Amino acid sequence: MTKPIRTAIIGTGFMGRVHLEALRRVEHVEIAAIAGRNAGAAEALGGAFGVASTTVEGVLRDPSIHAVDLCTPNAAHFSMAKEALLAGKHVLCEKPLATTVEEAEELVALAAQRGLRNGVSHNLRYYPMVQHMRRMREDGDLGEILVVQGTYSQDWLLYDTDWNWRVTAKDGGPSRCMADIGSHWFDMAEHVTGVRVSALCADLQTFHTTRRQPRGPVETFANKLASGAETVDTPVDTEDMGAVIFRMGDRGRGSMTASQVSAGRKNRLSIEIYGTKSGVAWDQERPDELWIGHRDSPNCIIVKDPALLKPTARAFADLPGGHSEGYDDTFKQLFRRFYRSIASPHGPCDYPQFADGLRQLVILQAEMESNRTRAWVDVPQPA
């Protein structure tokens, strides 16, 4: 690659900074600009990293910028992704891709029509031990998948004084907990098992129907440090927690919960997969460990070490055994593959694309319909 790929980050909040820091670690990528709703915030963030700030319009008009990285509130994803595609930019978008299935379908079609690379930040696929689980399944080590279960639990919205733009449908879309973290869990479940969710029954709950919203801006996750700011009581129209039982394929069965009000759980995606030969269990709060279970021989826990990983999983671990690789490294691995595919237009796309973002919105739509009708709902399968 002779020239770096120039990309622009749109969004200056928590995720914008996470993406910025990860992109600085990716080979042959140059962060050309940062833009956001708040020009002052864009200037401050860009200045701290030596990156120019501009407007969204400026990014889209600049022919030297090849791609955009969208880290805005969810409700803006569809319109900004569409504008970027129409401007000829490759697009990497934070999840959820959009707020409706119809919007996501339009983006999938437009990206294909324009022949542009497109990705969604289901970055949690890229923990080395998650990739090892996937390769174990591909090699037949697990056998036929029978049971998949787990949770994605956080506590950062436990109190009614906790606030974030995600709690209102206006900014975050009609679902919060299931769209924000439940989608990560289901993406991982389908990615690792290779089996699609075929039907589900969901129960969603809003524990705080009113929250005390600070009159000023609040950084994501920073609300846990009390500020004493003046607040206003604000109705909440998104869920705090959801529980889902589901079918995978013809025989597989599963259950999961997603919660942002689970005291003590900071960011725990836990998944257990049991097949006819063996089982595996992984916990994001202990990302370098993988439990492997057997019926007739001792169970074991392996620690992340490229030498111990399946050969096809080793490329997802950059550091030797005993050197932890965590949340920020998953973005590096995702971004590396996305931008490499821009440089190689006919090469593979080993990362979640808009079609994967659409898939999670199809599952989310079924969850919301099930909760509304208090019934099982079939999940449409990709064509």
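H6 and H8 are oblique to each other, a label for angles that are not under 35 degrees (roughly parallel), over 145 (roughly antiparallel) or 65 to 115 (roughly perpendicular). This is a predicted model, where local features need pLDDT of at least 70, side-chain atom pairs count only at pLDDT 80 or more, and totals for chains, interfaces and linings use all residues. Residues are numbered from 1 along each chain as its sequence is written, and side-chain values use heavy atoms, with hydrogens and water left out.

Back to our pair, then. H6 covers residues 128-138 and H8 residues 177-193, and they pack at about 40° with axes 7 Å apart. Helices here are DSSP runs of H or I, at least four residues, and strands are runs of E, at least two, numbered from the N terminus. The axes are lines fitted to C-alpha atoms over the stretch in contact, with angles from 0 to 180 degrees between N-to-C directions.

Which residues of H6 meet H8? They are Val130, Gln131, Met133, Arg134 and Arg137, and their partners in H8 are Met188, His191, Val192 and Thr193; contact means heavy atoms within 4.5 Å.

Now, H8 by itself. Of its 17 residues, 17 are buried, meaning under 20% relative accessible area with a 1.4 Å probe, protein chains only (exposed is over 50%, partly exposed in between). H8 also bends by about 35° at Ser183, the angle between axes fitted to the seven residues ending there and the seven starting there. Just after H8, Gly194 has a positive phi of about 75°.

Last stop, friends: Pro214, in strand S9, residues 210-214. Pro214 is buried, at 15% relative accessible area.
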